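Dear colleague,

I am handing over the structure we spoke about, and my notes on what was found in it follow below. Please read them with the model open beside you.

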Amino acid sequence: MTFLIFVLAMPDLSAKWLAIFLSLMVLGQAYVVRKIVGTWLFPACIFGLLWFAYTFIPLVALYNVPINPFAIGYLLICSLSVSACGLVFDWKAALERNTLKRMSRNRAYNNAFLRKTFYAIFVLSIIFAALNLIVGGFRIKEVMGDIIGSSSEYARMRGAEEIRSNIFGQLSLGLTYIGATLGGLMLPDARPGWPRRSIVLVSFLPSIVIMLTQSAKGGLYLSLGFFYGALLVNRIQSAQMSIFSKKAIRPLVVFGSSIMVLMAISFMARGLYGSSDVYEIGWSLASMFASYIFGSLYAFSDWFSFWTGSPSALAYIDPGNTYGFYTFAAAFKFFGSTRILPSGVFEEPFAHGDFLVTNIYTMFRSLITDFGLLGCIAYCGITSFGLHLSFYAMLSRAKPVVTASIFILMVGYFWHSYVGSLFAYNIAYPYFAFLWLILFANNYRNLRAMVE
């Protein structure tokens, strides 16, 4: 209470300080869950940690950009709903059963079948990415000779709808996600040094190629989420219930720095190609990084203000009754819906001055639009119950297949929630089916090898 009185006494800073306090509460409730369960490697904790990062970092990094603290408070309520519905199971018993896996010397993901599948998928994803460019009217030799120029032209043509989605592009992106997932499953069991570095390189090279040649960064972002989810599955199967290893700090710094450089190269294709003005390039790159990394939270805050009747920068479109369309657009289209979902999901470009511009509003705009404020909270609770039930079954089984696939998809779903609903896109459903088939075949071959 003293804190609230203090911040409210400063009218210029009160909203931002209150938002930061509520963001810290998201972390606090995740910590309480961790104390109850005994580990951070728990769906509700992962969700809470991610949304603490998704709120706290933008709030601090763009301190001068205004925020509606009630939007952050609402995200806190959603996090509490996820956590509360995940604590209804006997986690002590499930975690004790999972510790028995440590006694087994069998490493389900360290075998020739997964390695061969991993590298075959890598080759196919690169081939399909090249075919996608050829179908779009590009020559591979010219693309290799001028990657930034070709990427700039691809982005222009895509924005003008001169390039349409084709089977090669979809296959390339889908296999890219599967490859990153298999890489995450295999990495902990690989030998240190070049074997591990090669797995990381092959896991992300297809998404990096797509980013550099098509100026499309979403593939790399989601590949990171699936890779991390698969890495956690391996740790769970080894009864190592931690979400992070201290040994990973140095590689993460190197890898993160490399990704930032590659993103800057990709940004050069967005209106900066050919510019020689150093100040313009620096300002534009800073604006693009801020918009892509931090913009979603501020866009959601402004939309939330409009939705709840408070002053907002934009007057947003009311789509009427959507019944889940923005959250599950791909499923709606599969069953014959003719409603059109824009490529960016939402068309309104939120802007704060000329520095922060985005049309990405997080998953929560879709959920609230589809189900309302109370419905969104209920949705978070219901899905949390289902995901924690699957996690409980995963801990209890020696060699999970379906539940392991659900866990990896869940981490990708949580990871992608800052951008939007993963299930609005076609890729989520075949990704899960293909991953399940690979893990099923892997278990079958392991079982046959043990019998032999």
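Asn132 has its place in helix 6 (residues 112-135), where helices (H or I, at least four residues) and strands (E, at least two) are DSSP runs, numbered from the N terminus. With a relative accessibility of 5%, Asn132 counts as buried (buried means under 20% relative accessible area, exposed over 50%, partly exposed in between, with a 1.4 Å probe and protein chains only). Leaving aside residues up to four places away in sequence, Asn132 touches Tyr154, Asn166, Phe168, Gly169 and Gln214, a contact being heavy atoms within 4.5 Å.

Please keep in mind that this is a predicted model, in which local features need pLDDT of at least 70 and side-chain atom pairs count only at pLDDT 80 or more, whereas totals for chains, interfaces and linings use all residues. Residues are numbered from 1 along each chain as its sequence is written, and side-chain values use heavy atoms, with hydrogens and water left out.

On charges, a search of the whole structure finds one salt bridge (a side-chain nitrogen of Lys or Arg within 4 Å of a carboxyl oxygen of Asp or Glu). The side chains of Glu348 and Arg365 meet in this salt bridge, at 3.3 Å from N to O, and the pair links distant parts of the chain, with Glu348 in the loop between helix 14 (329-334) and strand 1 (350-352) and Arg365 in helix 15 (residues 362-396), 17 residues apart. Glu348 counts as buried at 10% relative accessibility, and Arg365 likewise at 3%. The charged end of Arg365 also sits over the ring of Phe346, 3.8 Å from its centre (NZ of Lys or CZ of Arg within 6 Å of the ring centre and within 35 degrees of the ring normal).

Turning to the rings, the structure holds 42 aromatic pairs (rings of Phe, Tyr and Trp, the last by its six-membered ring, with centres within 6.5 Å; planes under 30 degrees apart count as stacked, over 60 as edge-to-face and the rest as tilted). Among them, Phe226 and Tyr431 are stacked, at 4.1 Å centre to centre and 20° between the planes. Because Phe226 lies in helix 11 (residues 218-237) and Tyr431 in helix 17 (residues 428-451), the pair ties together parts that are 205 residues apart in sequence.

Finally, the count of disulfides (pairs of cysteine sulfur atoms within 2.5 Å) comes to zero. Cys376 is in no disulfide, and its nearest cysteine sulfur, that of Cys78, is 4.1 Å away.
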